[in-house]
Amino acid sequence: MWQVWAIYVVLAANLSEEQTLKQACPSCEATQSCDCSSMGLDFIPSGLTGKITALNLAHNRIKQVRAHDLQQAVNLRALLLQSNQISSIDEDSFGSLGKLELLDLSDNSLARLSPLWFGPLFSLQHLRIQGNSYSDLGESSPFSSLRNLSSLHLGNSQFSTIRQGNFEGIKLLNKLWIDGGNLRRYEPGSLKAIKKINHVIMSIRRIDVFSAMVRDLLHSAIWLEVRDIKLDIEKEKLVKNSTLPMTIQKITFTNASFTDQYISRITVLLKEITSLRELEAIDCVLDGKGEWDTHEIARGGQSSVETISVTNMAILHFYLFFDLKGIESQVGKIKRLSIASSKVFMVPCSLAKSFSSLLYLDFHDNLLVNNRLSETICKGAWPSLQTLNLSKNSLKSLKQTAKYITNLPKLVYLDISENNFGEIPDVCDWPENLKYLNLSSTQILRLTACIPSTLEVLDVSANNLQDFGLQLPFLKELYLANNHLKTLPDAAAIPNLVAMSISRNKLNSFSKQEGARVGTVQLSLMECHRSLVVSLICALVFLLVLILVVVGYKYHAVWYMRMTWAWLQAKRKPKRAPTKDVCYDAFVSYSENDSNWVENIMVQQLEQACPPFRLCLHKRDFVPGKWIVDNIIDSIEKSHKTLFVLSEHFVQSEWCKYELDFSHFRLFDENNDAAILILLEPIQSQAIPKRFCKLRKIMNTRTYLEWPSGEEQQEMFWENLKAALKS
């Protein structure tokens, strides 16, 4: 069977939309992920197809999402529309996006949310709609059909109301983020529809709204993070006659503001949450001096909190801060305490002694000094402590630091890096269980017997060491990077060493006592020059890929594969259509540059003849919406003959070359005479691509009609053509 010689005509008709998409988003041409962000687009570009799985249209000027914009993008997984000017979305705009997993509509101008938008998105996992202009979520739930939703981010500066029923349909969320800085009305019970939320982030300013939301989250949220709130006195209890088990394990305050009075009250309120294990404060402000109501705090009984973490706490009057006497009874169960970057300069001894269960203490990046360590680490302080981090403080004397550290008999891990010790004494006292010591970046010039021999891990990197001569029989890990060492440490002094870092030194010789001579050790190229070898391999792979791309582009490899596939599919059809299905005398294949001759001269001569011939032209007779190749194959199968109008335009056109290549598969392998060749103008044989050897052979062996210049010869041409069509 012979079919499909006119693919230029077909593909040219389909190129306009693809060209429009490629011009708007050049990245869409060769990838399934289209990055059309920051392109100045006013509309979603046309030409989106099912091959696209990710579409980024962020930071444009799009104002509307229309029903047909995304209709063909049926395999889309991620759609990013944030930071546009979208104020209108047709109700069925997302109707074909059943595979969509991520939808970002944040930072637009949506004044309302419609449940109809999200109805077809049954695969959606992540929805971001914050930063718009809606004031509420509607009377019902816009998310009722999103059964697979995992994360939801909503709210804006005008968001003021949350109603009961707004979250119906959502049973489980990994993250819920509510931007409610101006949230004024919250109907109790609204969040109870969600049975479990791993992480809730709330930006709330009103304390009454905050308390009402926390009451609804007591039995569903695991980690509650509250941002941008100025906490004030709240007289009501958080827990009200509920027998359900509480789930909140961690509460984080970020950019929050506390007063002395609220510290007392919040401590009492949080004791009601019996499941709470961790409290965290990040970038918060304490407007007070530590005048906490310790009697009120004590009346609430013991807290269940085991971990407290404070980072970058601004204490406005820290120089007037009280010694927190009276809260000793509340810290006995705490196991981990971290107060970093908060200008801590001491801890009263009586308070330090009360942390009877504390295992981990982190005071890095504070203002601790040696002459205050007598209070902070007094005898009997932190009795169970195993890990201590005093890095990046203002400690100057290693001897004094070690002296007070001996008051911690159970200490195993000590980090005192990034202090300015400089000199190191010859002898120091340390806890007998100390196994890990970090002295990196402490400006020390030499190492002495001050370093405890019990160590298993020692870090003295980033100092000014000239050599390493310590006897450390239990040492397993040694970090010496970024010093001035000229020789390796003596292996006999560290017999159990497993790992050593010694980069960025000045090594120029090796000791004979190292065991095997360096010259006898045979290392592979990869071991010696791993980075170089990996770089060379990557460069070679990139070069190979580049060569394949260039060769494939030059010799049209992608086109050959697509056409071969179409040919194999067409070959499975019957070679001849039944006589009753033949409805055209001829299918005409021609270059668009020759359309004037074909449509205005040849068509008139043949279709107005007596009897008239019926011709199939792509512009007129192709079925709209049908795939191009199918249109071509069906048209040729329903035609008695196929006319090929050959010209210089036809042969030199890149698309015509593809057409000839496909026709090379479909027509000439069948050795029939259903093809009629019309030579509209002389063609130099050199102009025909050399790879089309069968076409050259057929043009040299088969008779073809040549369009004459004289009128008398033209009459004969038409008679011959009509006779050929009738044969």
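A disulfide is a pair of cysteine sulfur atoms within 2.5 Å. It is a covalent bond between the sulfur atoms of two cysteines.

This is a predicted model, in which local features need pLDDT of at least 70 and side-chain atom pairs count only at pLDDT 80 or more, while totals for chains, interfaces and linings use all residues. Residues are numbered from 1 along each chain as its sequence is written, and side-chain values use heavy atoms, with hydrogens and water left out.

The protein chain has 727 residues, and 48% of them are buried (under 20% relative accessible area with a 1.4 Å probe, protein chains only; exposed is over 50%, partly exposed in between). Its secondary structure comes to 18 helices and 32 strands (DSSP runs: helices are H or I, at least four residues; strands are E, at least two; both are numbered from the N terminus).

How many disulfides does a search of the whole structure find? The search finds three.

| Pair | S to S distance |
|---|---|
| Cys25 and Cys36 | 2.0 Å |
| Cys349 and Cys378 | 1.9 Å |
| Cys428 and Cys450 | 1.9 Å |

The torsion about the S-S bond of Cys25 and Cys36 is about 125°, so this disulfide is right-handed. Cys25 sits in the loop between helix 1 and strand 1, and Cys36 in the loop between strand 1 and strand 2. Cys25 is buried at 0%. Cys36 is buried at 0% too.

The link of Cys349 and Cys378 is right-handed, with 85° about the S-S bond. For Cys428 and Cys450 the torsion is about -95°, so that disulfide is left-handed.

Two further cysteines: Cys284 is buried, at 1% relative accessible area, whereas Cys610 is exposed, at 82%.
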